Amino acid sequence: MSRGWRFAGPALAAVLIGTSTGITAPTAWAAPARDHGGPSLKAATSYYVDPQGSDSADGRTPATAWKTLSKVNAQTFKAGDTVSFKAGGAWTGQLTPHGSGTASSPVTLTSYGTGARPRIDGGGSVDAAIKIADLHDVVVDGFEVTNTGSGTTPRIGIGVSATDKGAVPGITVRNNQVHAIQGAASGSQASNPSAGGIIVSALGKQTPTYYDNLRIEDNEVFDSRSYGIVTWSQWMQREGWNSLWADLMGIPDADYRPWTPSTGVVVDGNTVHDISAGGITVMQAQGARIEHNRVDKTAQNHGNVGIWWAGADDTMVQYNDVSGTKYWGVASDGTAFDADASVHRSIVQHNFSHDNEGGFFIAVSTASAPAEAKIRYNVSQGDANQVFALSTNAKNIDIYNNTIWVPLTPFIANHPDRASFSLVKVWNSTVKDVRFRNNVIYNGAKLPYNDQSVVTYDRNLYQDGPVPSADKAALTGDSKLTSPGTAKSIADLSGYVPSANSPAIAAGLDIANDGGRDTVDTKLPSGMPDLGGLQRAGGPGRDEAAPTATTTFGDGQSTSPAALTDGSDYTSWASPSSGVTYPGTITLNFPSDRTVSEVVLATHFGQGQGITKADVQTWNGSSWVTRATDAQITWTSNSATVERQSVRLPSAVSTTGLRLVVKSANHTWGNLSVNEITTR
């Protein structure tokens, strides 16, 4: 398998919710009854379960509570029913209710009374301690769940499955404590994604099956001998990725079917720690949100990742705190985050990654499937090995406005694999379209950039360590952040704010559709942001398109004025090399009002082709108003290194348009040229 896959090893016994021998036969999906207000429909009922109760009672009051799981499992509940287990009570075996709810009236399994969560203990003898099979609109809320015994067969704490059911709406698993989940201590079964704390499966071969509005929230999952939280599907085939690890999932390769993603998946507010393999994994989903989770000490018995997603489009991974992922060797992951096989348009933002032995982020896929991601406004502190690892089919990887803080930790300094550690590592020739922009990178460990010359670096600030020669707009030196390297949690990132004299302030490229907020949710300014993940001062926080650019000079050298506002110092606009007359204009139209006090020109070979004199005008809604006249611009360089020169206005102006009336330029080659025009 390609580098980064975490499921190599001999075939062992696998767990599959709903069957131990194969796929269950298709069953008809009964639509929930509609409430037309007629007298024949029964009202919702509350039921109670108490270890001191009686199964011969009616179960409808705490005084007449049922006693056993078997009594609950024998009932068929209806929309709006609630089954409450007594706080402090404990039951051994499997809770597997019957009966579905509706969107407005789910069937709810919960607790009553005061004290500890009711405990469901599978004892390691059942596939899942709580098993929700072929149901919809069900809430599981407030249990302690464990499922371990003397064996090593992988088990599940809370298992949700549906087989050949089409859309499965309204499953919620929240506020549970799931721990001590049986599994193997080593080998591939210690990394079995069909087993672990909370596992949601979409199965079958006949009717495409997927979850809609699936929520897994505010649970604590720990001490699992496989995974923490997983959603996966038998309906996963696309882009040459055709099956899921037959030795683990228990499903023959031939029984997988075309990709049918779950929708409305939210994994929010969970605490996942001390896990043998992966912490949180979402597979086969469209528009999933993985947010506000705390993940610590994953991959403790097998190479894996804190949070990863696969077979997934438009995944949003944000506001997570991930740490302590264990390193298992050069090619064994160990990162906080992973955009994995068949992943399109991921966004990884507003996260804190720290002390992960394998690094911050990896992208790796298989077959023809891409692994795509935008990584922005995160802080990585003390991550080791390969801070960024890019492998098979990693593409469209845009890494901007992150703060990467890599001190020489004892782990790095003393590790026998230290010679292979990298700040950026490209593993495969299929990697392409990777950009690093606007990042602050402290590299006290002096890790190299083993990037195979396929990564574009643009206007990053490098403090200590090597500077990639490809970054023609690099800033170097002390970043002068407030108190970097001291954060303990995602709520403790103020040390990464630039100090008043930091070179990072308002030095960044103006990047379109940047989300509008920094790592700690400060609204971003219009125009040039501070470099790194945190802003010193906020702004309107708009998430908008790039300004449009036009010019009266015409275009030369196959360039376009769009290059002037594309968030890149590498692309440039040039006039024709002959017939240039002055004055001419370059005009920017902003998507919305912005306050402009300074105009910044970025140009390479400025002494040969840079603008040397211009008026600056702004649009007042009906006409152009001159704000600076005959501004002189002096270029000190005539090389491929991008130089920045600015024109300051007498006072700040709110405007939707900016115009340079260019009066002269250097003409060594007959043309004038600009790489980027931005504003502060």
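Here are some questions and answers about this predicted model.

Visitor: How many residues are in the largest nonpolar core?
Guide: Phe 337, Phe 361, Phe 388, Leu 390 and Ile 397 are the members that touch the most others in this core. At least three of its residues come from each of domain 1 (70-301) and domain 2 (305-542). A second, separate core has 28 residues, including Ala 628 and Val 674. The largest core holds 87 residues.

Visitor: Which residues does Phe 388 touch, not counting those up to four places away in sequence?
Guide: Phe 388 is also part of a cluster linked by ring pairs, together with Phe 337, Phe 360, Phe 436, Tyr 449, Tyr 457 and Tyr 462. Leaving out residues up to four places away in sequence, Phe 388 touches Phe 360, Phe 361, Ile 399, Ile 404, Leu 423, Val 424, Lys 425 and Phe 436.

Visitor: Over which ring does the charged end of Lys 425 sit?
Guide: Lys 425 is one of the residues touched by Phe 388. Its charged end is 5.0 Å from the centre of the ring in question, which belongs to Trp 427.

Visitor: Are the rings of Tyr 47 and Trp 66 stacked, edge-to-face or tilted?
Guide: The structure holds 23 aromatic pairs. In this one, the ring centres of Tyr 47 and Trp 66 are 5.0 Å apart and the planes are at 20°. Tyr 47 is in strand S1 (residues 46-49) and Trp 66 in the loop between S1 and helix H1 (69-73), so the pair links distant parts of the chain, 19 residues apart. Planes under 30 degrees apart count as stacked, so the pair of Tyr 47 and Trp 66 is stacked.

Visitor: Is Gln 381 buried or exposed?
Guide: Gln 381 lies in strand S34 (residues 379-381). Among the residues it touches are Phe 352, His 354, Trp 405 and Tyr 496. The relative accessible area of Gln 381 is 7%. Buried means under 20%, so Gln 381 is buried.

Notes
Residues are numbered from 1 along each chain as its sequence is written. This is a predicted model: local features need pLDDT of at least 70, side-chain atom pairs count only at pLDDT 80 or more; totals for chains, interfaces and linings use all residues. Side-chain values use heavy atoms; hydrogens and water are left out. A nonpolar core is a set of buried Ala, Val, Leu, Ile, Met, Phe, Trp, Tyr and Cys residues joined through side-chain atoms within 4.5 Å. Buried means under 20% relative accessible area, exposed over 50%, partly exposed in between (1.4 Å probe, protein chains only). Domain bounds come from an automatic or database domain assignment. Contact means heavy atoms within 4.5 Å. Rings of Phe, Tyr and Trp (its six-membered ring) pair if their centres lie within 6.5 Å; planes under 30 degrees apart count as stacked, over 60 as edge-to-face and the rest as tilted. Helices (H or I, at least four residues) and strands (E, at least two) are DSSP runs, numbered from the N terminus. A charge sits over a ring if NZ of Lys or CZ of Arg is within 6 Å of the ring centre and within 35 degrees of the ring normal.
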